[in-house]
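Here are my notes on the model, as numbered points. Please read them with the coordinates open.

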Amino acid sequence: MAGKSLLVCAVLLLISGPVFSEQDFSLRIAPLAVIPIGDAAGYFVPGFGMEAAAEWAPLSFLGLRIGGGYSQIAVETGTAFSFFTGKLGPVFRWRPLDRLSLWAEGNAGMFQYQNGGNDDSDTLLSFGGGLGADIHLSPLLALSVSGAYTRYNLYNNRSIDTMGINLGVRLSLSELFKKDAAIRGEVKEQYPVFPVSYAWYEENPVAMLRVVNNEKTAITNVNLSLYQEQFMSRPSSFAVIPRLGAGESMDMPVTALFNESMLSLTENMSANAQVLINYRQLGSGKETAITMTLPVFHRNAMSWDDDRRAASFVSARDPAAQSFARYVETVVQTRKRPVLPLNVQYALGLFEALNVYGMNYVIDPASSYVELSESASSLDSLNYPYQTLFYRGGDCDDLSILFCSLLEALGIDTAFITIPGHIYMAFSLGQDTAGIPESDLIRHGDQWWMPVEITVTNKGFLRSWRIGAQEWRDAGEEGRLYPMKESWAVYPPVSVPDAVRRAPAMPEETVFITALEESLNRVGEFIIRDRVQELEGEQARYNELGILYGRYGIFDKAAAAFTKAGHSDAAINLGHLAFIEGRYQDAILCYEQVVLNLSDDTQGWLGIARSLYGAGDFPRAGAAYSDVVRLNPALAGLYPYLGSYREWQGRPRSYADRLGSTVWANSAALKELESRAEDTPIRDETREGTPSDHIRKNENSETIIRKADSQI
């Protein structure tokens, strides 16, 4: 009967396990060696038995144990006494090591004995206590060893005292039935997630998570990963904790490996994500997941907690920016001035192209840098380059982002400039100012930077540059310059997937070229203004003044200066102006005036040959070239195309080529040409059948240079 009762009790305890799964509930089974002690040792011999007990521990150090068992001892004559016991009592625990628990218990209960010799039996009281240790093999299973004292009270103040030695196993029903690992995560801080900075979050947190170990022992190799189904291809591990003791906690930054799909988000959303936690406890692997919500903003959103964040919007790969920049590059290449840094000319060309395109500075009251930059937590909405081109307008940050993207698409380094309440941009000139006043530039690191106030698109490039320089000077120590490449190292650039479908219309080319020429002239005049003041008013230096203007492409003022100079070098230079502009007939007339008086003037004959070639009169160009070969073979070697259809060296293909290859006539011009020709091989391939006397003076000094109107 007692055995059945114990079995029923054990089954009930097992079934009730899930009820107690949040606390410590365990089952212990152990074989038993029973040793009589005291007076009983004189009558009984050692025996054996089996015990089972269930333990409920609502506290880590205190629990309640209920159990029962069967044991048998015999008198020396061989008669056996059997005991069926049931007992209940408190148990006190101490866990000095993760794998070792020590405990002590006290108990009281009922027992039923049977005397095998005379079939006597009865149910009486017992009490006792014990000491033991559990060696934890895993969170689920432990090896249990204990020693216990029990007094069986009989009639007439008699009793039987025994000492029991147990060696068994302990099964944790809490571990068996509980669904979740006993580790807790709590989001302590939450940060906004901006799609434009999606790559930044691989190294920087979206949240701070507190991990609390509620297991009974230390856990090891705690691997924390984040997964968000919509914006992540796979879970990304953001932390590994080697060991976390029982009851300990640790705050960890949560990073994420987002993908580009985040850039398609046009509205704010709350994205559910999971923190996946894998760890080991006493050699057993466990895992759990914690749900958290990420506040993800739309793809244009950004905060000004770090001004460098805006660098992510600057992209040299934006298709619209690339298309616009390459168009401008092509036009500038045909009209460029050799003495101005190419970076300046590209920036100037882009600036004027945007003005012709109809770009406007528009202040957005709901998204003003002046207001939002004062609060790091305020959110701003910035445009990508293709959007600003499509809208044909934007505020200071939008226009700065666009202009930087256009220049970066051409391989020119750019930077953001921030001053109180404003952001604009600058581009690099490298380590050389190329004669540009240093007072209107910014020195940062080992480079010179030209500031551009992009918001005054209708004022011209010169004005925007000078305003930008003045703003930098006025800001003093509050001004900051952030090179784009340095900012990209922290906030990588992105390109929105659907930008490829937004190709911009290009500025009308003839209008753009006119604006480009006028702007180049204004910038050139500003750069050379001090030198012009030195040369003006001196008759002997008008040719030098004209050359200065000519090198910068300011041809109207160059022509006026050459006309005032009134000598052969100035006449050659007037011919150069006409040649550069493609007015070959006017150029020939200017060169003719010189060679009529100075028949051996090499630059005059060279100018005639080049002008005839440019006009398409190749036979006469070859004849004139033969005179250059005769007068100065080294110089002729620089222009072999004039004497051969197969040669391309020295052949100008555009206005820029003609301007760049021009050597202006003065006392040092011929020496300069000759120095350029020293290492050039001489090739005389003058076309056959073209008599050189067709373009020389005859004995009566009469010109025989025919205008050939049908060819020129």
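1. A polar contact here is a pair of N or O atoms within 3.5 Å; within protein, one atom must be able to donate a hydrogen and the other to accept it. Residues adjacent in sequence count only if both atoms belong to side chains. By that test, the side chains of glutamine 72 and tyrosine 70 make a polar contact, at 3.1 Å. Keep in mind that this is a predicted model.

2. Overall picture. The protein chain has 712 residues, and 51% of them count as buried. It holds 20 helices and 24 strands. Take the contacts between residues at least 6 apart in sequence: 66% of these join residues at least 24 apart.

3. Glutamine 72, setting. This residue sits in strand β3, which spans residues 62-75. Is glutamine 72 buried, exposed or partly exposed? Its relative accessible area is 24%, so glutamine 72 is partly exposed. The cut-off matters here, because buried means under 20%.

4. Glutamine 72, neighbours. Set aside residues up to four places away in sequence. Glutamine 72 then touches Gly47, Phe48, Ala80, Phe81 and Ser82. Tyrosine 113 lies 41 residues away from glutamine 72 along the chain, and their C-alpha atoms are separated by 9.3 Å.

5. Glutamate 175. Look next at helix α2, residues 173-177, where glutamate 175 is placed. With a relative accessible area of 16%, glutamate 175 is buried. Which side chain does the side chain of glutamate 175 join in a polar contact? The partner is lysine 286, at 2.8 Å. Beyond four places in sequence, the contacts of glutamate 175 are Pro139, Leu140, Glu215, Gln281 and Lys286.

6. Helices α14 and α15, geometry. Two packed helices are described by the angle and the distance between their axes. Helix α14 covers residues 568-580 and helix α15 covers residues 584-597. Their axes come within 7 Å and cross at roughly 165°. That angle makes α14 roughly antiparallel to α15, because angles over 145 degrees count as such. The crossing of α14 past α15 is left-handed.

7. Helices α14 and α15, contact. From α14, the residues that meet α15 are Ser568, Ala571, Ile572, Leu574, Gly575, His576, Ala578 and Phe579. On the α15 side they meet Tyr584, Asp586, Ala587, Cys590, Tyr591 and Val594. By class, the residues of this contact divide into ten nonpolar, three polar and one charged.

How values were computed: Residues numbered from 1 in each chain as written. Predicted model: local features only at pLDDT ≥ 70, side-chain atom pairs only at ≥ 80, totals over all residues. Heavy atoms only, no water. Helix = DSSP H or I, 4+ residues; strand = E, 2+ residues; numbered from the N terminus. Buried < 20%, exposed > 50% of the residue type's maximum accessible area, 1.4 Å probe, protein only. Contact = heavy atoms within 4.5 Å. Axes fitted to C-alpha atoms, helices over the stretch in contact; angles between N-to-C directions. Parallel < 35°, antiparallel > 145°, perpendicular 65-115°, else oblique. Left-handed = near helix turned anticlockwise from the far one by under 90°. Nonpolar A, V, L, I, M, F, W, Y, C, P; charged D, E, K, R; others polar.
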